[in-house]
Each structure stands twice: as C-alpha cells, then as structure tokens.
Amino acid sequence: MTMNLARRPIAYGLAAFVPIAIALDTPASELAEAEQKGLDIALEARQKKVGFENFTASQVMVLRNKQGRESRRALRVKVMEVEADGDRSLFVFDEPRDVQGTAFLIHGHKDKADDQWLYLPALKRVKRISSANRSGSFMGSEFAYEDMSPPEVERFTYRYLRDEPCGELTCTVVERFPVDDKSGYSRQVVWQDTEELRLWKVEYFDRKNAHLKTLTVDGYQRYLDRYWQASNMNMVNHLTGKSTVLTWTDYQFQTDLVAMEFTQTGLRRVR
Amino acid sequence: MARDIVGLDGRAVALGRRGLALLLSLTLGDVSAASGWELCRAVDAQAGTCAAPGSAFARVEFSGSLGLEARYFPRSPGHPGQGSEPSSLTAKSSVYLESQSGWSVTLSPFFRFDSEDPRRTHADLHEAYALFVGFVGDAQWELRVGVDRVFWGVVESNNLVDIVNQVDLVEHPDEKSKLGQFMGHLTYAAPWGVVEVLGMPYHRQRTFPGRSGRLRFPWLVDADLATYESSAEERHVDVAARYSHTVGALDFGISAFDGTSREPFLVPAFRARDIALAPHYRQIRQFGLDGQLTLGAWLLKLEAIHRTGMFNRLGREEPYASLVLGGEYSFYSVFGSALDITVLTEWCYDERGTRSTTKFENDVFLGARLAFNDVQGTELLVSTLQGTDHDSRVFSVELNRRLSDRWSLRVETIALRELDPTDILYETRRDSFLEVGIVYSF
C-alpha cells in the first residue's frame with residue numbers, strides 16, 4: 001500500500017527498465033524490496049500477455065452445492081486488447097436457457113472503475129449498469145465479478161513471499177492486495193510458475209482475513225506459440241462448501257473481431 | 001466473421017430490394033432443403049448455435065419458450081361479462097440464420113391463448129427482419145429491414161421516449177409489452193456517437209381487452225371503428241431519428257418522432273346494439289431526451305418529451321411536456337450475504353395534470369429490487385406508484401426464480417388501492433390480481 005495512484009505510472013516506467021539488482025541497491029527495507037519484486041513479477045506476467053489482440057472462447061461452468069447438486073452455465077466470451085487501457089470483454093449467455101441471449105459488456109479501465117452494460121433480449125434493452133458490485137457472485141457461481149475479468153496490474157499492490165516447488169515446476173508465491181475498497185478481498189496469495197508465470201493457484205481471503213476461496217488452474221495450452229491459456233479453473237468456497245468448475249474451450253486468437261462489436265450497438269446485435 | 005460482413009454479396013442486395021417476404025421464403029426454403037435442423041440441433045444443442053453442414057448458412061440458431069399462466073382476480077367483476085380466473089398458454093420462438101457473408105435473418109413469432117378473453121388470444125410477429133452490417137473507416141453501419149422492436153429509454157416506471165413500437169396492452173397493463181413494427185432502420189455508429197434513422201410505413205393499432213377481459217373500461221374498444229387524422233390512415237409513413245452517445249459516466253440520447261401516435265384518443269361511438277370506444281390516432285411530433293449518469297452504486301436517470309398534436313382528456317389538442325426523473329442506489333452483499341438490494345425512486349410528471357391521458361400525471365414510483373444471486377437467480381421486485389395529487393396507489397410485487405436449467409417460475413401481483421374517480425385507472429379498481437406462471441425455455 002505504499003503506492004498511490006498518481007505516482008504509479010512513474011513507478012511502472014521505472015520498473016520496466018530498472019533491473020532488479022538496482023532496486024536491491026536502494027536503501028529500502030526488506031518490505032519495500034518484497035513489494036518491488038511482487039510488482040515486477042506482475043508486470044512481467046502482463047508483458048507475456050501483451051499483443052494477443054483479441055480472442056474468443058467458450059465457457060462452461062458447473063456449479064456444485066454442498067450436497068453435490070449441479071447446475072450448468074454456458075457462455076461465449078470475446079475479449080479485445082485495448083492499448084494503454086483495460087481489455088474489453090463481451091459475455092454472451094447460452095445457458096441456462098431462460099437467460100439465453102443475455103449479454104454483458106465490460107470496458108475495463110486501469111485507472112478508474114470499469115464501464116458495464118447489460119443487454120436484455122426480451123425487451124431488446126441495453127442497460128448501463130453499475131460496476132461497483134465487484135464482490136457479487138457472477139451468475140450464482142463461486143466466481144465473483146472481480147474474478148471474471150483479467151486482473152489489471154494497477155488494481156493491486158504486491159508483496160513477494162517465496163519460491164517453492166509446485167508439482168514438477170517451481171512457483172513464485174506473491175501476495176496481492178486490492179486497491180479498490182469495493183473488492184470483497186483483503187488479499188490474495190498467487191502461485192505462478194517461474195518459467196512462464198502461468199497462474200496455478202490463488203487463495204482468496206475475505207475482508208475479515210478468513211480464507212474464503214481457493215482457485216486451482218490447470219490444462220494449460222499454448223496459442224500462437226506464445227500465449228498460455230488454462231482449460232480448467234476450479235473455485236472452491238471453504239465457508240459454504242460450494243464449488244464452481246469453469247472449463248474453457250474453443251480458444252481462437254487474433255480473430256477478425258472489431259472494436260465496434262464491443263459497443264452498445266454491437267451489444268444489440270449479439271446472438 | 002465480422003470483416004466478411006463488409007461486402008454484401010449481390011444476392012443479398014437483390015433480395016433486399018425485392019422485399020422481405022421473398023427473402024424469408026427463400027432462406028426458410030434453404031433450411032428445409034438442407035434439412036440442417038435436426039442435424040444441427042443434435043451436433044451442438046448445448047451451445048444453442050451451430051453451423052449447419054452443407055447449408056448456405058454460417059450459423060443457424062433456434063430458441064424459444066412455452067409458458068403456462070394463471071391469473072386470479074379476487075374481487076368480483078366491475079363490468080358485465082368479465083371473468084375472474086383466466087389462464088393462458090404462451091409460445092415464443094426465435095430463429096436466427098446467418099449467411100456465410102455475414103448478413104442475417106431473424107424471425108420471432110409470439111402466440112398467446114387465453115381461456116377467457118378471445119381478444120387476449122393473439123399472435124404477433126415480434127421480429128422478422130434482415131440485418132446487414134458494414135464498415136466505413138472506423139465507423140460501422142447497420143441496416144435492419146422488416147419487423148422489429150426497438151427500445152429507447154433508461155427509467156423503470158414509464159419510458160416516455162420509447163415510441164417506435166405499439167403497446168400490446170392485452171399482454172400486461174404496465175404498457176411494456178410491445179408489438180412488432182414494420183420498419184427500415186439504419187444505424188451509423190461512429191466514435192462520435194450513434195445516429196439512427198427509422199422509416200415506419202405501417203401503423204399498428206393498440207390492443208385492448210375484450211368483453212370477458214379484466215383491466216378495461218366499461219365500454220369495449222372496437223379496432224374496426226379506428227380513425228386516423230392522416231388521410232393515408234395506417235399507411236402514413238412515420239419517421240424517427242435518434243442520436244446517442246456515451247461520454248464517461250454519462251449515456252444520453254436525443255430523439256425525434258413524426259407520425260401517427262401510438263396512443264389512441266378513445267371516442268365513444270354508437271354501434272347497432274351498444275356503445276363502444278373508437279380509437280382515433282392523431283398525427284404527432286415528439287422530441288425526446290434520455291440520459292443516465294452512472295456514479296458508483298448510483299444511477300441517476302431522466303426521460304423527458306415534448307409532444308404536439310395529441311388530444312388531451314377533454315378531446316382538445318394540447319401540446320405538452322412530460323418527464324420522469326429519478327434514480328436508483330444499490331446496496332451490494334448486504335449483511336455479508338449474497339443479497340443485493342436496489343432502491344428505486346422516480347417522479348413522473350405530465351404538465352397537463354388532470355387533463356393527462358396517462359396514469360403518470362404526477363406520481364411517485366418507489367421500488368426495491370432484491371437480487372439473491374443464488375443458483376436459481378431469484379429476484380424480487382416490489383414497487384408502488386403513488387399519486388401526489390390524490391391518494392391512488394398501485395402496488396406491485398414480482399418474483400422470478402429458476403426451478404431448473406429449463407424451468408422457471410414467475411409470480412406477480414398487482415394491487416390497485418383507493419383509486420380516485422378522476423384517475424385513469426378508476427374503471428379497473430376491482431381488477432387487482434395475482435398471477436402465477438411457469439416457463440419452459442429451450
């Protein structure tokens with residue numbers, strides 16, 4: 001929490017060029033050192049994702065309650081990279097069938113709240129909706145809205161914890177703290193492998209610092225020889241015993257998506 | 001896919017010129033010829049979409065719902081012939097066909113069978129349009145030709161600016177159900193905003209309940225007696241335009257409409273055996289403004305219109321302005337639960353006051369929407385519309401809940417309390433009702 005908003009762009013500018021060795025030389029406490037390293041890892045992970053332009057994919061969510069009863073969600077996702085701002089995402093619901101055709105558009109931002117619109121096909125109505133609901137459940141699942149969009153580096157402050165073995169790989173473990181006070185989390189602990197900085201596990205702690213949820217990720221595949229994407233994400237809620245398995249399929253990168261599809265006019269055309 | 005849309009192929013343009021009917025018959029013919037349906041449904045029924053192999057279409061999609069509804073009116077009827085326990089069967093479906101080159105056809109028929117009121121038993125084509133899309137630099141154009149529904153507006157109680165489609169009043173007294181409208185609808189979306197232009201060559205009459213139906217005047221509205229101010233009658237070509245844009249937290253729209261009023265003026269008329277109400281449709285001009293400011297958990301909303309050419313309640317032409325001003329605030333995850341509560345307040349004002357022809361002459365709409373964010377997607381909306389000039393009140397409770405991935409439940413009750421004799425709803429004062437419905441979606 002040592003960074004403030006105004007100073008952040010400068011901090012990034014430095015972080016991009018200054019080798020860690022120099023950062024280590026600065027007369028800073030061990031804490032500041034860990035913060036810098038955590039941020040550097042986040043920036044490096046972001047750098048690995050830059051340039052994808054856009055992708056489309058399908059998602060199936062299986063929601064499971066404590067008794068093991070299942071419920072299905074199916075949606076299609078389109079994501080477009082925006083230079084110097086957050087990504088634009090479009091979710092189109094196919095299941096459950098009563099919300100079929102409902103679409104959700106997000107214009108992500110780095111330095112302010114996202115813009116969000118909802119398309120309701122029964123009324124053919126586009127509604128601008130509040131993006132203040134960061135911690136609410138997405139479609140009744142264990143994923144919150146804030147878990148659904150790719151986390152912008154600027155949305156957190158960081159602290160490097162340790163490196164440790166994870167399966168056959170070595171993982172770097174970083175703690176990150178949401179900047180937004182509307183986030184449902186006080187902190188998250190993130191496991192990423194040291195080779196490709198792929199995300200393998202996240203532990204979420206609620207505002208009372210109780211261990212709320214754990215996300216485990218696997219089934220990584222590489223697209224365009226460069227971009228690693230997971231196939232399976234399993235979110236378990238430790239307080240309720242509920243879980244949601246999110247399966248990604250049909251990834252396609254650098255499609256002919258255009259920016260105009262991520263507008264209110266485009267939203268009305270969604271099928 | 002999207003860039004393929006740029007070039008309309010010759011066939012599409014030719015078809016567009018020769019009219020929608022031909023287009024529809026051809027495209028539907030294609031489907032049955034390719035008999036891609038069953039194949040398609042089997043291949044990818046889960047996603048609800050597919051590319052039918054061997055057909056001319058890049059994508060074929062079919063969806064819909066069947067509903068069963070029962071209404072119960074606890075008070076005895078106020079007008080002769082009215083029933084008290086109607087039940088209904090509804091069917092809705094939508095077919096979407098997308099060509100290889102990107103243009104598409106959408107067909108969405110609707111049907112309701114009502115056990116008591118033959119006027120409420122009706123079918124309507126909500127959508128039957130062809131859609132073409134293309135690019136000009138960093139702007140995009142879109143043309144829809146055929147029957148479609150267009151929604152304009154931001155508020156919850158009374159969408160003043162929403163004038164394109166006729167109200168399907170037999171569907172629901174809230175005037176939010178709309179009939180399909182013939183139109184050519186051109187949209188130009190550029191970085192500086194969105195411009196829409198509409199031409200509507202055929203006027204649809206408003207639907208009204210029949211003799212056995214509740215929620216009506218003592219006299220029946222007889223659509224056969226309808227008169228128009230325009231000598232072209234229902235064939236008058238109405239035009240409308242809208243400019244809308246998003247600037248940061250603000251979404252706004254400016255609209256204009258020139259043509260046949262959707263709202264009729266009802267004139268008593270003598271028929272062979274009784275008196276009926278003859279709808280009279282005036283030529284009107286309306287300018288509208290709508291805007292919403294989205295600030296954190298606050299939404300601040302405004303809709304305002306100025307309309308000329310309408311008759312007031314006294315049957316005299318009176319230009320007027322009307323507005324709805326309000327907002328909503330959401331409390332998320334209240335008491336640490338998944339529950340979100342949104343509180344809504346809107347003030348509806350019509351400067352004609354008691355000469356107004358609507359129920360929103362000077363009323364306050366208060367409501368609360370409870371979203372439980374559970375697997376069933378349970379939502380409860382409680383609202384009241386309260387007159388500020390007199391004591392009339394309309395209470396409404398609406399509950400929606402999914403029973404399974406395909407079945408859902410809807411319960412609604414509308415209670416009309418202490419209606420003032422001057423209130424437009426006075427004749428429906430005995431028509432409070434409870435409705436329970438189940439819907440199967442496919």
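Of the 442 residues that make up chain B, 38% count as buried. This figure, like everything that follows, comes from a predicted model. The secondary structure of chain B comprises 3 helices and 21 strands. Contacts can also be sorted by how far apart the two partners sit along the sequence. In chain B, when contacts between residues at least 6 apart in sequence are considered, 56% of them join residues at least 24 apart.

Three strands, in the order β8-β12-β11, form an open sheet in which the pairing is mixed. Strands β8 (227–228) and β11 (265–270) of chain B stand at the edges; each has a single partner strand, so one side of each is left without a neighbour in the sheet. For β8(B) and β12 (residues 275–281) of chain B, the pairing is in the parallel sense and extends over 2 bridges. To find this spot in the structure, look for T227(B), which stands opposite H280(B) in β12(B).

Turning to the other chain, chain A has 271 residues, and buried residues make up 35% of them. Chain A contains 5 helices and 15 strands. Of the contacts in chain A between residues at least 6 apart in sequence, 44% join residues at least 24 apart.

Where the two domains of chain A touch, 13 residues of domain 1 are in contact with 14 residues of domain 2. On the domain 1 side, the largest share, 4 residues, is supplied by strand β15 (residues 243–253) of chain A. Sorted by class, this side of domain 1 of chain A has 7 nonpolar, 2 polar and 4 charged residues.

Finally, the two chains meet each other. Here 30 residues of chain A are in contact with 39 residues of chain B. Which elements give two or more residues to the side of chain A that touches chain B? They are the chain A strands β1 (54–64), β2 (70–80), β3 (88–95) and β6 (125–129). The largest share of this side, 3 residues, comes from β2(A). By class, the side of chain A that touches chain B has 8 nonpolar, 11 polar and 11 charged residues.

Terms used
Residues are numbered from 1 along each chain as its sequence is written. Chains are lettered from A and ligands numbered from 1 in the order in which they are written. This is a predicted model: local features need pLDDT of at least 70, side-chain atom pairs count only at pLDDT 80 or more; totals for chains, interfaces and linings use all residues. Two residues are in contact if their C-beta atoms, placed from the backbone, lie within 7 Å. Ala, Val, Leu, Ile, Met, Phe, Trp, Tyr, Cys and Pro count as nonpolar, Asp, Glu, Lys and Arg as charged, and the others, Gly among them, as polar. Two strands pair if DSSP finds at least two bridges between them. A residue is buried if 20 or more other C-beta atoms lie within 10 Å of its own, exposed if 12 or fewer, and partly exposed in between; C-beta atoms are placed from the backbone.
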